[in-house]
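Subject: Structure handover

Hello,

Here is the structure I promised to pass on. Please open it first, then read the notes below it.

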Amino acid sequence: MSTARAVTVIPATLNLFTSTPKISQNKRKVAAYARVSTDNEEQLSSYVAQVDYYTRYIKSKAEWEFVEIYTDEGISATNTKKRDGFKRMVQDALDGKIDLIVTKSVSRFARNTVDTLTTVRNFKEKGVEVYFEKENIYTLDSKGELLITIMSSLAQEESRSISENTTWGQRKRFADGKVSLPYKKFLGYEKGEDDIPQVVEKEAKTVRLIYRLFLEGKTTTGIATHLTNLRIPTPGGREKWTASTVKSILTNEKYKGDALLQKSYTVDFLTKRKKKNEGEIPQYYVENSHEAIISPEVFDMVQYEFEKRKDRMRSGASCFSSKIVCKECGSFYGPKVWHSTDKYRQIIWRCNAKYKSKKKCQTPHVTENQIREGFISAINGLIKNKNAVIKDCNKLICELDDIYLIEEKEIKLQSERTVLYNSMEKLIEKNSSFKINQTEYNEHYEKFKKHYDKINRELAEIEGEKLKYKVRKQKVQNFINKLRENEKLVTEFDETLWYAMVERVVVSNDGSVSFEFKNGKIIK
């Protein structure tokens, strides 16, 4: 007769995941994670409620030891890179400070499947459990990972759906011509009735000042320094202005009352990465969408000046930057410091290309005092003959106004373009309605298109020529206004007068300096 088999169970004494001794009487160290994705009032109430609920919930359990409520406020869950509260909680858990994390749901934890599973598996290796209250899932449970995969995938798809709906709604608003601005960081406007941008006059004065200073000749760096010195806050409320902020204001079409919509778009709903729209998706240009701060004429003149000055945009804040020119090679003069460490220290201006080639420029350096004194002498020469100078300027303005021949050519080209466009449409219609030789069709179409493109280029050149006349006329008018303001001879250098009056200063090989004023007058 065989003996009955006896099996004795030996209880586990070590934790399966951490290999630490099992001591049943120890309390579990429990934390909670709470998050809301937006910072509006309704969501903030939910956020406060979550924190209060989980604090009470954990403390009510005798077998649990309260650690902390980790939180992230007004942050999306689609990825964990910017969630400081979440990252701190993960680190504490991995360091052994937490045994169990309680959270409302998978979607509150993360809407990214990869992030969710990676975090849960890292926790699992350390014996840290996560409890998702809504779904009633414990991650150390045998079926926990399968359920987590399913639930987080659903949450990710929900996030994708929300993102696509938001994008669709935004693009529908764009197509309808509805303009929305980041008002907290946009100088000059606030949200008005019917969501239409409304001018804030106090800020609008700063915008107009920036445009005026640029047209007077100041660089973006110089304008930034000037605004900082005046203690005018930036669009973001900072004290220090940068050249890039000034440039963004000078090139934003919204200041002339128009709006180019969908300049950028979100590439990936998970990473929220944005990209400049370079033709991948439609853009919408809305004319007269809101009240303008800058007239279209002034805005266009600024864009013309940007194009004209694009090779010297990096110039410094000095009023002499991009103004002094070498007659021999045409390069700008730049500042150099002599005797930087002793009492003879001074700033001189020298041709930037002087030593860039084997044959160096023979033009000499000039000092700032030379330029200042030369300018005072030249401007006083104009003031002494003020009436005659203004008379010549008015004559020049009349000449600049006379663009009859240019406009006549423009009208002729526009008419020719319309006829050509109609011919192209008829050709396309004929090709879609009748069976015709495709080789002949393509030849005709390419011939029309080539001519059409040529007319468009000519019209663009004419537009540029007209703008050039406008800019020149405005400069001359500003010159007249400044000249009229000065009843007496100038005795000291005035930077504002310098910007308004001087187009450039040319240094010759013999050391002579010629001042070219904005009315075209040259005084050596």
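A salt bridge here is a side-chain nitrogen of Lys or Arg within 4 Å of a carboxyl oxygen of Asp or Glu. Keep in mind that this is a predicted model. Side chains of opposite charge can pair when their charged atoms come close. By the rule above, the count comes to 19 salt bridges. Some of them follow.

**Salt bridges**

Start with aspartate 84. This residue forms a salt bridge with lysine 87, and the closest N and O atoms are 3.9 Å apart. That falls within the 4 Å cut-off. Where do the two partners sit relative to each other in helix 2? They are 3 residues apart in that helix (residues 84-94), so about one helical turn separates them. An α-helix has 3.6 residues a turn, so residues three or four places apart point the same way. Aspartate 84 is exposed, at 55% relative accessible area. Lysine 87 is partly exposed, at 40%.

Next, arginine 208. Its salt-bridge partner is glutamate 201, with the closest N and O atoms 2.7 Å apart. Arginine 208 is partly exposed, at 32% relative accessibility. Glutamate 201 also counts as partly exposed, with 41%.

Then look at lysine 218 and glutamate 495. Their side chains meet in a salt bridge, 3.1 Å from N to O. Lysine 218 lies in the loop between helix 6 (201-215) and helix 7 (220-229), while glutamate 495 lies in helix 14 (residues 495-501), so the pair ties together parts that are 277 residues apart in sequence. Is lysine 218 buried or exposed? Lysine 218 counts as buried, at 5% relative accessibility. Glutamate 495 is partly exposed, at 35%.

There is also a network. Salt bridges link Glu305, Lys475 and Glu503. Glutamate 305 lies in helix 9 (residues 296-308). With a relative accessible area of 4%, glutamate 305 is buried, because buried means under 20%. Which residues does glutamate 305 touch, leaving out those up to four places away in sequence? They are Phe214, Leu215, Val471 and Lys475.

**An exposed glutamate**

Glutamate 239 sits in the loop between helix 7 and helix 8 (243-250). At 70% relative accessibility, glutamate 239 counts as exposed. Leaving out residues up to four places away in sequence, glutamate 239 touches Thr228 and Ile232. Glutamate 239 and asparagine 229 are 10 residues apart in sequence, and their C-alpha atoms are 9.3 Å apart in space.

**Helix 8**

The loop with glutamate 239 leads us to helix 8. Val246, Ile249 and Leu250 are buried in this helix. They cover an arc of only 100° around the axis, which puts them on the same side of helix 8. What covers the buried residues of helix 8? The cover includes helix 6, helix 7 and helix 9.

Strands of a sheet pair through backbone hydrogen bonds, either parallel or antiparallel. Strand 5 pairs with strand 4 (residues 129-132) in the antiparallel sense, over 2 bridges. Tyrosine 131 stands opposite tyrosine 138 in strand 5.

How many bridges join strand 13 and strand 14? There are 6, and strand 13 (residues 333-338) pairs with strand 14 (residues 346-351) in the antiparallel sense. The bridge partner of valine 337 is isoleucine 347, in strand 14. Strand 14 also pairs with strand 15 (residues 366-367), again antiparallel, over 2 bridges. There, isoleucine 348 has threonine 367 of strand 15 as its bridge partner.

Best wishes

Methods:
Residues numbered from 1 in each chain as written. Predicted model: local features only at pLDDT ≥ 70, side-chain atom pairs only at ≥ 80, totals over all residues. Heavy atoms only, no water. Helix = DSSP H or I, 4+ residues; strand = E, 2+ residues; numbered from the N terminus. Buried < 20%, exposed > 50% of the residue type's maximum accessible area, 1.4 Å probe, protein only. Contact = heavy atoms within 4.5 Å. Arc of directions from axis to C-beta. Pairing = 2+ DSSP bridges.
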